[in-house]
Amino acid sequence: MFICYIMSVKNQISGVVEMRKYLRQNKVMLLVPLLFLAVFTFGAGTYAAATEDPMQQLQKRVDEVLRILQSGELKRPENKEERKKLILNAVTDMFDFREMAKSSLAQSWNTLTPEEQDTFVGLFSRLIEQRYIGKIDSYTDQKVVYKKQLVKGDNAMIYTDVVDKDVEIPIIYRLQENKGKWLIYDVKIENVSLIVNYRRDFDSIIRKEQFAGLVEKITKQLEKPETSN
């Protein structure tokens, strides 16, 4: 959600049409974390799952985050860091960062040692937290309508619309069930996959600078002040 990509998407975009599309997606990705503050409406096409409904699990996270955001005590300036930490803890528990990191590297993942894989998962997790999840604190009046969910076996897709004033944009969550828990492993915005975009950017960097170059770029990005991201 999250387009605030740490890689050089902006540098790779050429032409007025592409730039406009990029800026539009960038705005949408800033709204993606707000899906956790959703207005839930269920539609047709929902299938029974072997475990707790993925939408039910998401609802629990929403309620938890709302309690944090609405807490008068936590709104005090001196409690800003504690508030952010509580929000991150509540929301990040919904993501399968390892699967996301693995998918974002595609075939390059298999060329890494176990230690390198663990290092990348850690960097990727921090990247997602910094670029998307941490921005949930800026929530205002955006609305998210959950239109329907499709659950087949251990896979689920949740169809939503983000409504921000007069802009309505479709977003789809893809989740996998793991040990009785539904975890997000991709987000599609106007049919554009977050992971596919990462994969393209990461692959471009690896081809030119190897895996070490990618790690260096992500590390430098994470070291930038939060306000510059």
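Two strands pair if DSSP finds at least two bridges between them. Helices (H or I, at least four residues) and strands (E, at least two) are themselves DSSP runs, numbered from the N terminus.

This is a predicted model, in which local features need pLDDT of at least 70 and side-chain atom pairs count only at pLDDT 80 or more, while totals for chains, interfaces and linings use all residues. Residues are numbered from 1 along each chain as its sequence is written, and side-chain values use heavy atoms, with hydrogens and water left out.

**Stop 1: the whole chain**

Colour the protein by secondary structure. There are 7 helices and 6 strands. Along the sequence they follow the pattern α-α-β-α-α-α-α-β-β-β-β-β-α. Of the 229 residues, 46% are buried. Here buried means under 20% relative accessible area, exposed means over 50%, and partly exposed lies in between (1.4 Å probe, protein chains only).

**Stop 2**

Select residues 155-164, which are strand 3, and residues 167-178, which are strand 4. The two strands pair in the antiparallel sense over 10 bridges. Which residue of strand 4 is the bridge partner of Ile158? It is Tyr173. Strand 3 and strand 4 form a hairpin with 2 residues between them. In that turn, Lys165 has a positive phi of about 60°.

Arg174 has Asp186 in strand 5 as its bridge partner. This hairpin also has 2 residues between the strands, and Lys179 takes a positive phi near 55°.

Stay in strand 4 and pick Pro170. Pro170 is partly exposed, with a relative accessible area of 40%. Leaving out residues up to four places away in sequence, Pro170 touches Thr160, Asp161, Lys188, Ile189 and Glu190. Contact here means heavy atoms within 4.5 Å.

**Stop 3: helix 5 and helix 6**

Select residues 97-105 for helix 5 and residues 114-131 for helix 6. Their axes come within 9 Å and cross at roughly 105°. Axes are lines fitted to C-alpha atoms, for helices over the stretch in contact, and angles run from 0 to 180 degrees between N-to-C directions. Helix 5 and helix 6 are therefore roughly perpendicular to each other. The cut-offs are under 35 degrees for roughly parallel, over 145 for roughly antiparallel, 65 to 115 for roughly perpendicular, and oblique for the rest.

Show the side chains of helix 5. Phe97, Met100, Ala101, Ser103, Ser104 and Leu105 are buried. What covers them includes helix 4 (80-92), helix 6, strand 5 and helix 7. Just after helix 5, Ala106 takes a positive phi of about 55°.

**Stop 4: salt bridges**

A salt bridge is a side-chain nitrogen of Lys or Arg within 4 Å of a carboxyl oxygen of Asp or Glu. The whole structure has 6 of them.

Select Arg98 and Asp118, whose closest N and O atoms are 3.1 Å apart in a salt bridge. Arg98 lies in helix 5 and Asp118 in helix 6, so the pair ties together parts that are 20 residues apart in sequence. Arg98 is partly exposed at 37% relative accessible area, and Asp118 is partly exposed at 45%.

Next select Arg207 and Asp203, which meet in a salt bridge at 2.7 Å, N to O. Both lie in helix 7, 4 residues apart, about one turn of the helix. Is Arg207 buried or exposed? Arg207 counts as exposed, at 64% relative accessibility, whereas Asp203 counts as partly exposed at 29%.

**Stop 5: the core**

A nonpolar core is a set of buried Ala, Val, Leu, Ile, Met, Phe, Trp, Tyr and Cys residues joined through side-chain atoms within 4.5 Å. The largest one has 49 residues, and Met100, Leu105, Phe120, Phe124 and Phe202 touch the most other members. Helix 7 (residues 194-223) gives the most to this core, with 11 residues.

Finish on Leu105. Apart from neighbours within four places in sequence, Leu105 is in contact with Leu112, Phe120, Phe202, Ile206, Phe211 and Leu214.
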